[in-house]
Amino acid sequence: MEYFTELFFSGLTRGSIYALIALGYTMVYGIIGLINFAHGEIYMIGAFTSFVVATVLSIYGFPLLSIVLLAGLAAAVWSASYGYTVEKIAYRPLRHAPRLSALISAIGMSIFLQNYVLLAQSSEFQPFPELIPDFDFMEPFAHVVGSSDLVILLTTALVMVGLTMLIKFSRIGKAMRATSQDRTMAMLVGIDVNKVISVTFIIGSALAAIGGMLIASHIGQINFFIGFIAGIKAFTAAVLGGIGSIPGAVLGGFVLGLTESFATGYVSSDYEDVFAFTLLVLILIFKPAGLLGREAAEKV
Amino acid sequence: MLELQNVHTYYGNIHALKGISLEIKSGEIITLIGANGAGKSTTLMSICGVVPPRSGEILFRGECITQKSPDHIVALGVCQVPEGRHIFPQLTVQENLDMGAFLRTDKEEIKHDLEYVFSLFPILAERRAQAGGTLSGGEQQMLAMSRALMARPQLLLLDEPSMGLAPLIIRQIFEIIKKINQEQDTTIFLVEQNANQALHIADRGYVIENGAITISDSAENLLANPDVQKAYLGI
Amino acid sequence: MLSIEQLKKSLFVSLWFAFLTFPLLVIKVDPIERTVQWRWENMALVAAGSFLVSLLVRVFQVQQERRRERRATGEFVDRVPIMQIILSEPRYLYTLSGAVLLCSLVFPFLFSTYQTNIMITALMYVMLGLGLNIVVGLAGLLDLGYVAFYAVGAYSYALLNYHFDVGFWMALPIGALLAALFGVLLGFPVLRLRGDYLAIVTLGFGEIIRLILENWNEFSEGPSGISNISRPGFFGIELSLEHAILYLYYLMIAMVVFTIFVVNRLQDSRIGRAWVALREDEIACQAMGIDKRKTKLTAFALGATWAGIVGVIFAAKTTFINPASFTFLESAIILCIVVLGGMGSIFGVIVGALILILLPEYLRALSDYRMLAFGAVLVTMMIFRPQGVVANIRRSYQFKSKAEGEG
Amino acid sequence: MKKSVVKSILAVALGFGLAAPSLAADTIKLGVAGAHSGDLASYGLPSVNAAKLVVEQVNANGGIDGKMVELLVEDDVCKPEVATNTATKLVSDGVHVVLGHICSGATKAALPIYNNAGVVVMSPSATNPDLTQSGDYPNFYRTIASDDAQARTEVDFALNVLGLKKIAVIHDKGDYGKGLAEFAKMFLDKSGKAEVTLFEGVTPGAVDYSAVVQKIKRSGAEAVIFGGYHPEASKIITQMRKKRMDTIFISDDGVKDDTFIKVAGKYAEGVYATGPKDTSSNPLSKKAVEDHKAKFGSDPGAFYENAYAAALALLNAVDKADSTDMEAVRNALQNNDVDTPVGSIRFDQIGDAVGVGFAMYQVKDGQYVEVK
């Protein structure tokens, strides 16, 4: 039973990270129908920014709490800025172009950003400062759930609730929902669609940045390539849950995380990704729009 | 109130509007009739800035709005009920109406307007909590019009409000259009294929063919015009 | 030419990029030695660079605007692009094709073995692009796991050669058939899926194939791969390296010509028209009595066949394969070839493959910067020519209202 | 008229095509191939630096038999399909001997091309046993011991020195890591002294390894033998220690890298890793490292000394053979000792360096210290 619990928490931690990144995919997809391949890179840039800032601050001797807050803030701000810029440069001019062109632009952006960080920083793995200390009260459970797992779970939960409130009740949230459902009509009721799309990218990127910082601190290292794999997994999670649906992204993230964790634990980690993708295929065969996705008519 | 001067609009390489000029005065109901693909909807989309014209000028109350973004134009008081109604399918009726008042901040007045549209279309009040996508065609048309009214437009652009609806509902809709025009002092620009109905409530009308205005006259004269009768009235 | 207003905007852009690149380009930390390096010179470079680029873009936009105005007033009539004239006029097309063919035939004699060798690679990607073009360009099915079929072809030959000493020419049809079989295998479960769901499932399928090859040692030798695969034989004669490369090169030329011929015929055939129809409107297609299942499956199977063929050739060319050659990035690059060249256009795919495969090879001098440049080129090309280098004539009209209304 | 023009063009072209490779060389061309860009560049670039330093030194001393040595550096990004292009390019450019490639897969793909052109290749880092043991690659040499030797060292240490009974073998699914882990498992099984409680691969780059770590714990292993590189190793060790497991961690050359200690920090303490025998007391090694610091202003990276040794051995063999002919160079390599930073070495029939082997190291106070 303890083994099961351990695997369960390990899956939850993994799932939270997937969910945080998947939110960005799903929000962007919902609003402009684009698979934002560069999103994984935004996550990586967030992690890298927090790495740089946290290391600088710790060298200058700042206290831990202020390092965590400032690094998190910097990660969110810069990731959001990158997300905003990427949309403006690489996607906005293509809004009326064939959808595949935008997809290629996104792939190009992803390659560009990866190599930009590689050149600007380093190709080697870098030690990430430990931002989440071991809490004393967690010591009895440390062999099952670590302190950083706990922080990741709590942060994810908090972010989810915050995002749901934002989407549901705020003015910009309503504008986002309207834009994702019918862009022309959104314009006709006076919504500045460009602004809404920018805000979507900003929010999605900031969430990914927080995920990036948490996971980098959890595993204690970082390099320029982490965005690619996390990005593909998170995208899988988003589709699994039904792309375009926010609760779907969260659910998809957890389902994927738990599947991988249990597959590793009870079968073999050799095939952990095979399990993940097989699950995806199976779910899509029986529910072609994902777990919580709506079966809408094909968008053109 | 609204003036189009030699407006040219393109979809990609397709020259959809080839020099449209027309004028709408405050308080009028003006109708634009024409066949499928003549450029009726494009005219409305050009006015609203969704498909901005490549050349020519659009003036609203003397102000040039040709290159303004749609949200600015809506803020000036130009609202459109587009063809096919475009209800936000996953928002409730109430939320759809709220979206109509997106740019407004006067809470009290919004409440007042909400009551007004519910008085126009009582069925919507019943369906307040229902998702927009689940309404029937007629109800959707009512919702679309109500949503536009929630913005308190000075100029209301209606694109084929009768399309796909039962004759009884069409009649009801046209009555309400007339009513809005009179009670709210809203100028109305009505695009219709159902020329007969439209001309009966309109003051003046334009006929559009192949992206250009071919006839412009008072509604009565148009109803009597043999060419119009033959082409659009099925007489 | 440019107003003060626009200069100001460019200045703002340059400030923005200076801000954007600040943490990663300016600061460099060494977490071990605990030192911070401030590279302010990078910020100056970025600011100056982005200012210039922004100015250039603005000049370009102004010109674009002017041309558009002139066009609107009828002063300026769009010239039909020279490419389209050539492509639409058989006379020119045949002359051009003949010239290209002639050039490619004498190519190995004009350039070194190395050049010939990378040209073989480029030609392989031409074929891969043309194969994927059937699936994506013609049938409109977004396939992000195309590399799986490529791997199937490569491993069929490698394994057959390793265990049973099967020769290249025997393996070629077997690899093609197996790949086609996998195409159908993938096709069945995804028949119901559309658009991006299809994309992610095909991506997953591609990964599954690669992971199996990587983990199932007993079957595929795992990550260490299979080495010493025979090069294609020439009537039983052992060829020296130069000759083997030359032989492969002409083989590839023949294959590409064959592929172009087949794809061209396919395009205008019944099934080809069914694909295009399916791409444009699935529901209308079914209403017209097109068998959706069969049509989609043939698209997958035919596309996969080509990948299988190229896979066999790939194994024969490198003589060593391992799963690392069949990653998602490979699929992405093949997709880029199709889209960058111009979806649905045979000529476009050829151009796309040559650009994307030869570019990084000739950018070797840039070494570290080449992938950066590669990404930037992809984005720039898409922004300025979203329809691809060579737009397919049939597809050159995009209705804006569609994209607007339902996008 | 027309025909003759075409003919003469063809003749000229053919002439060029044939003449190009035979342009007689008055320099010795030393090719350096490996990953010089991309994510594996940090394994490939040190060998370029090593070659530069060696060549500089040789040329300063008057070259080889009066001929200057010229460097041809080509990137293969560690991909087999690119490596064939790289090799063809080097061969086209008339390379005489090659230092490289870095990754075993790329090396395997490139070797037949060099073999065909009669070029001897020496890798500082390709450790796949097949490269020498299969007999398929007569032109291949290396200055590093093969994986099976390394696995042997690890297993012997685990069984005989630490006396372990239950061992989990983990790898990173890669060419190098998995190959090594398979040897380790095989040796463990054969010895009959210990039980392999778990044999599994982890996905490089995955977000989290805690599930695998839990599995190791459940298997009751006293130690983990990990085959792979330091990024994965540091993730696993970190998560094990965070889960309060004190399982012994034994790993390989890919982990015996200072970056591992930097990244894993305090969790690296006590980790065992095999690595080439300590040569830091060797004066040539000291000189090589100092030269690197003087010229490039930094500490040399991975496989630097092996690459330095390979460059020395290759050029020495060309010198001794007075020829760049493959057979002559092979003979010279097999029959002459050469002093290098990794010791005085010569090569055996199959291409492995005699006298290069592995020793076991342990992290103590943030440094690898040889376990005697």
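Predicted model: local features only at pLDDT ≥ 70, side-chain atom pairs only at ≥ 80, totals over all residues.

1. The side of chain C that touches chain A draws at least two residues from each of α1 (4-20), α2 (22-26), β1 (27-30), β2 (35-38), α9 (195-215), α15 (328-341), α17 (370-384) and α18 (400-406) of chain C. Helix α9(C) gives the largest share of that side, with 13 residues, and by residue class the side divides into 45 nonpolar, nine polar and 13 charged.

2. As to extent, 67 residues of chain C and 75 residues of chain A take part in the contact. The area buried between chain C and chain A comes to about 6400 Å², and carbon and sulfur atoms give 73% of it. Five pairs of chains are in contact, and of these, chains A and C share the most contacts. Chain B and chain D, by contrast, do not touch, their nearest C-alpha atoms lying 35 Å apart.

3. Chain B contains an open sheet of six strands with mixed pairing, in the order β6-β7-β8-β3-β9-β10. Its edge strands, each pairing on one side only, are β6 (78-81) and β10 (212-218) of chain B, and neighbouring strands of the sheet are turned against each other by 20 degrees on average, direction ignored. Within this sheet, strand β3 (residues 29-34) and strand β9 (residues 204-209) of chain B run parallel and are joined by five bridges; B:Gly34, for example, has B:Ile208 in β9(B) as its bridge partner.

4. Helix α10 (residues 226-233) of chain B lies across β3, β9 and β10 of chain B, and runs at about 65 degrees to β9(B).

5. Chain D has an open sheet of seven strands, again with mixed pairing, whose order is β7-β6-β8-β9-β10-β14-β15. Strand β8 (residues 223-227) and strand β9 (residues 248-251) of chain D pair in the parallel sense over three bridges, and D:Val224 stands opposite D:Phe249 in β9(D). Helix α7 (residues 175-191) of chain D packs on this sheet, where it touches β6 (166-171), β7 and β8 of chain D, and its direction makes about 160 degrees with that of β6(D).

6. Finally, how many salt bridges does the structure hold over all chains? The count is 32. One salt bridge joins A:Glu6 to D:Lys217, with the closest N and O atoms 3.0 Å apart. This pair crosses between chains, from helix α1 (residues 2-32) of chain A, where A:Glu6 sits, to helix α8 (residues 210-219) of chain D, where D:Lys217 sits. In general, side chains of opposite charge can pair when their charged atoms come close.

Technical notes
Residues numbered from 1 in each chain as written. Chains lettered and ligands numbered in written order. Heavy atoms only, no water. Contact = heavy atoms within 4.5 Å. Buried area = accessible area lost by both parts, 1.4 Å probe. Helix = DSSP H or I, 4+ residues; strand = E, 2+ residues; numbered from the N terminus. Nonpolar A, V, L, I, M, F, W, Y, C, P; charged D, E, K, R; others polar. Pairing = 2+ DSSP bridges. Axes fitted to C-alpha atoms, helices over the stretch in contact; angles between N-to-C directions. Salt bridge = Lys/Arg side-chain N within 4 Å of Asp/Glu carboxyl O.
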